[in-house]
Amino acid sequence: MNESLLHLKALLLLLCLGISPFTAQAESVPFSTIKNHWGLALGGAAATLAVHELGHFLVAELEDAEPYFDGTTIKYRNSDGTDQQNLRLSSSGFQAQWIASEYAFHRLRQDSLSERQTAWNAGMVLGHIGITAAYLLFIQDQENGDVEGISDATGLSTAEVLGIITLPAVLDSMRLAGVGSPRVLGWTSGGFKAIGITAVWAF
């Protein structure tokens, strides 16, 4: 296996495990904080979208797939067509936003965070939730899209793939809103993401 891919697998696993909320404290954010600093929250959401796209490009470069934009869709000039590579490329955006969302929750658990910093990190989580909602509601059937790519590579149905990517977003919505136990929700969502990322790179 390419040595850079081994390094990436180790890095992704360490990042996801290292920032997952295994000592979860309160992670909720008052709506007033987001409302008072909506520009920063919007910036955080945009940052997560950028991270999603960067995830595609980073994995594509490591896979020597030569990524490029075709309109709003990322395509690959040198994809080898294997299920393994297709899964890695198609899921890399979700992997990246999962890691970004856990980093944001890690920051939100810090007592020293200012209200402006809180709004930015809450926006990052909202970006992750918004991207997932967009796939669920609007672009689930996009030709050559992420959901279709994951489905083709794994043999899972589109509905099953959507269920997998939606579960962490639902749990993270509850974490951000302060609904339920932060420890249980944090363990469940963070653990699910870690297992998901590990499964992709072990496929």
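This short talk walks through one predicted protein chain, from its overall layout down to single residues.

Some ground rules come first. The model is predicted, so local features need pLDDT of at least 70, side-chain atom pairs count only at pLDDT 80 or more, and totals for chains, interfaces and linings use all residues. Residues are numbered from 1 along each chain as its sequence is written, and side-chain values use heavy atoms, with hydrogens and water left out.

Let's start with the whole chain. The secondary structure comes to eight helices and two strands. Helices here are DSSP runs of H or I with at least four residues, strands are runs of E with at least two, and both are numbered from the N terminus. From that end, the order is α-α-α-β-β-α-α-α-α-α.

How much of the chain is buried? Of the 203 residues, 43% are. Buried means under 20% relative accessible area, exposed means over 50%, and partly exposed lies in between, with a 1.4 Å probe and protein chains only.

Now contacts, meaning heavy atoms within 4.5 Å. Take the contacts between residues at least 6 apart in sequence: 71% of them join residues at least 24 apart.

Next, a helix pair. Helix α3 covers residues 38–62, and helix α4 covers residues 83–108. Their axes come within 7 Å and cross at roughly 135°. That makes α3 oblique to α4. The axes are lines fitted to C-alpha atoms, for helices over the stretch in contact, and angles run from 0 to 180 degrees between N-to-C directions. Angles under 35 degrees count as roughly parallel, over 145 as roughly antiparallel, 65 to 115 as roughly perpendicular, and the rest as oblique.

The crossing of α3 and α4 is right-handed.

On to helix α6, residues 146–154. Its buried residues are Asp146, Val147, Gly149, Ile150, Ser151 and Ala153. What do they pack against? They pack against α3, α4, α5 (115–137) and α7 (158–177).

Look at α6 with α7. They pack at an angle of about 115°, with their axes 9 Å apart. That makes α6 roughly perpendicular to α7. The crossing of α6 and α7 is right-handed. Val147, Ile150 and Ser151 in α6 meet Thr158, Val161, Leu162 and Ile165 in α7. By class, that contact has five nonpolar, two polar and no charged residues.

Stay with α6 and pick out aspartate 146. Is it buried or exposed? At 10% relative accessibility, aspartate 146 counts as buried. Leaving aside neighbours within four places in sequence, aspartate 146 is in contact with His52, His56, Ser90, Phe94 and Tyr135. After α6 comes glycine 155, with a positive phi near 85°.

That brings up phi. Most residues other than glycine have a negative phi. Aspartate 64 has a positive one, near 55°. Glutamate 66 has a positive phi too, near 55°. Where is aspartate 64? It is in the loop between α3 and β1. Glutamate 66 is in the loop between α3 and β1. Aspartate 64 is partly exposed, at 48% relative accessible area. Glutamate 66 is partly exposed, at 42%.

Proline 67 is in strand β1, residues 67–70. At 11% relative accessibility, proline 67 counts as buried. Leaving aside neighbours within four places, its contacts are Phe57, Ala60, Glu61, Ile74, Lys75, Tyr76 and Arg77.

Last stop: asparagine 121, in helix α5. At 4% relative accessibility, asparagine 121 counts as buried. Its side chain reaches the backbone oxygen of glutamine 117 at 2.8 Å. Beyond neighbours within four places in sequence, asparagine 121 is in contact with Tyr103, Ala104, Arg107, Leu108 and Leu113.

How values were computed
Left-handed = near helix turned anticlockwise from the far one by under 90°. Polar contact = N/O pair within 3.5 Å; in protein donor to acceptor, adjacent residues only side chain to side chain. Nonpolar A, V, L, I, M, F, W, Y, C, P; charged D, E, K, R; others polar.
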